[in-house]
Amino acid sequence: MKSDDAPGPAPSGSPAEPVDDLLDLVFEGGGVKGIALVGALEVLQERGYRFNRVAGSSAGAIAGAMVAAGIPPTTMAEVMRSVDYSRFQDGRRWNRFLPVQALNVLLRDGIYPGRFLEEWLDEQLRTHGTRYRNGTFSDLPYEDPQQARPIPENERFRLIVTASDLSNGRLKFLPRDFEDYHRAPGEQSIVDAVRISMSIPFFFRPVKWTQTDGRGTWLVDGGMLSNFPITQFDAPPDRTPRWPTFGIKLSSRPDAALDVTNKITGPLSFGIAMLRTLMGFYDGMHIESADAVARTIFIDTGSVRTTQFDLTAADRDLLYENGRTAAIRFLDGTEGSPGWDFERYIREFRPLASSP
C-alpha cells in the first residue's frame, strides 16, 4: 500500500480531512518486548499525533491490531502490564518439559497451540476497541483522508500484518494477500491474521490451510521474511509524502544486528542461526538506509529475549520506560542530534519529489 503521495483535488462534495497531525506507523516484532512499543506510542499521542494506518509483524502485529481497533495507548499500557505472559505458553502443563517440547515440534511442528493469544487478543479488542465489532477486517476500513485518489478494494484497511508462506516461499501482507488464498480480505478475522503473524517457528504451531485445489499451505511468523516492513506505506519516490511514517524498532541503534553472533554447536543451534539470519536479512536492506534511520525510533530493550515469558514487573516497567525515553529523544533530539522535523526530512530525502 503506497497511498500517502501528494494529493490531487478532492472529489466534489467530499471534504478533505486535515492531515497535519496524521502518522502512519510500522512496528517491529519482538515477542514479549512489545510493551516497549506501547511506551513510545503513549508519547506520540501526548504530542498530538493521530494514528492513521499501522503495519507490524508478530508482537508488532498485536500492538498494531490494538492501535487500529482504536485502543488508546494508556489503555494498552494497562493491558500489557496486567497480562500474565506465561499463559501464552499454553496447552497442557507438561508442554514445558523439554522432552515433550521436542515431541511437539516433531509431531505438531511447534510447542504451543497459541489459543490463549487468540482468546486474549479478541477479548481486549472487544472490550477496549472503539472500531472492533464483527472481528473481521471490515471493522477497520480505510479511505484516503483527503479523497485524493481511489484505493484498491483489497487495500482499504487500517491494519497490515506480515506472514511467511512456507509452502510457496513468499512474504504475505494480510489482509491484502488473503485474495491469494481465495479469501475475501474484509471477511477474514483480525485475530486469525495476527495469530499467523506471531507464529514463531518451533515455538508456536504454524497455521495450516487447505487450498481450493486441495493443496496445503503453511503460514508462520511474518518476521521470518520481514520483521520490520518500514517501506509499507511509503509514497512513490517522485511524490512528496503528505504525512510521515514512523518506524518503531526494538533495538537500540540501526546497526545492533551487526553485533549478533550465532554460536553453532549442533543441529538445533544451526536451525536457530538460520532463522535469525533469515529474519534479519530482508529488513537489514531497508534499515541500513539513511531514510529509514531518520524516521525510526530505536528502543533499547536490554537483554530481554523475544520468548522470555517469565518477565518480572521490573522487566515490564523497564521496557515501557525505555520506549517512552526513545520516543522523547527521537522527537526532541539529543546533544548533537536534532529532533524530528518533517520538513527537514522531505528536504533531505525527497528533494526532487513533486509537490501537490
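Modeller: First, a rule for sorting residues. Ala, Val, Leu, Ile, Met, Phe, Trp, Tyr, Cys and Pro count as nonpolar; Asp, Glu, Lys and Arg count as charged; the others, Gly among them, count as polar. Keep in mind that this is a predicted model.

Now the largest cavity. Its lining has 16 nonpolar residues, three polar ones and no charged ones. The volume of the largest cavity is about 220 Å³. In total, 19 residues line the largest cavity. Nearest its centre lie Gly31, Val32, Ala59, Ile62 and Phe88. Which helices supply the lining? Helix 2 (59-68), helix 3 (73-82) and helix 5 (115-128) each supply at least two residues of the largest cavity's lining. Helix 2 gives the most, with four residues.

Helix 3 also has a packing partner. Helix 1 (residues 35-46) packs with helix 3 at an angle of about 160°, and their axes are 9 Å apart. Angles over 145 degrees count as roughly antiparallel, so helix 1 is roughly antiparallel to helix 3. Their crossing is left-handed. On the helix 1 side, the contact is made by Ile35, Val38, Leu41, Glu42 and Gln45. On the helix 3 side, the contact is made by Pro73, Thr74, Met76, Ala77, Met80 and Arg81. By class, that contact has seven nonpolar, two polar and two charged residues.

Back to the cavities. The whole structure holds three cavities of 30 Å³ or more. The second largest cavity contains about 70 Å³ of space. Eleven residues line the second largest cavity, and Asp234, Pro241, Thr245, Arg295 and Tyr345 lie nearest its centre. Here the lining does include charged residues: four of them, beside six nonpolar and one polar.

Last, an open space: the second largest pocket. The second largest pocket has a volume of about 560 Å³. Several elements give two or more residues to its lining: helix 8 (290-294), strand 10 (296-298), helix 9 (313-332), strand 11 (333-334), strand 12 (337-338) and helix 10 (342-349). Helix 9 gives the most, with five residues. The second largest pocket is lined by 24 residues, and Thr296, Phe298, Arg329, Phe330 and Ser337 lie nearest its centre. By class, the pocket lining has eleven nonpolar, eight polar and five charged residues.

Note on methods. Residues are numbered from 1 along each chain as its sequence is written. This is a predicted model: local features need pLDDT of at least 70, side-chain atom pairs count only at pLDDT 80 or more; totals for chains, interfaces and linings use all residues. Side-chain values use heavy atoms; hydrogens and water are left out. On a 1 Å grid over the protein atoms alone, a cavity is a set of points where a 1.4 Å probe fits but cannot get out, and a pocket is an open set with protein on both sides within 12 Å along at least five of seven lines; lining residues have an atom within 4 Å of a point. Grid points are joined across faces, edges and corners, and a volume is the space filled by probe spheres set on the points. Axes are lines fitted to C-alpha atoms, for helices over the stretch in contact, and angles run from 0 to 180 degrees between N-to-C directions. Angles under 35 degrees count as roughly parallel, over 145 as roughly antiparallel, 65 to 115 as roughly perpendicular and the rest as oblique. A crossing is left-handed if the near helix is turned anticlockwise from the far one by less than a right angle, and right-handed if clockwise. Contact means heavy atoms within 4.5 Å.
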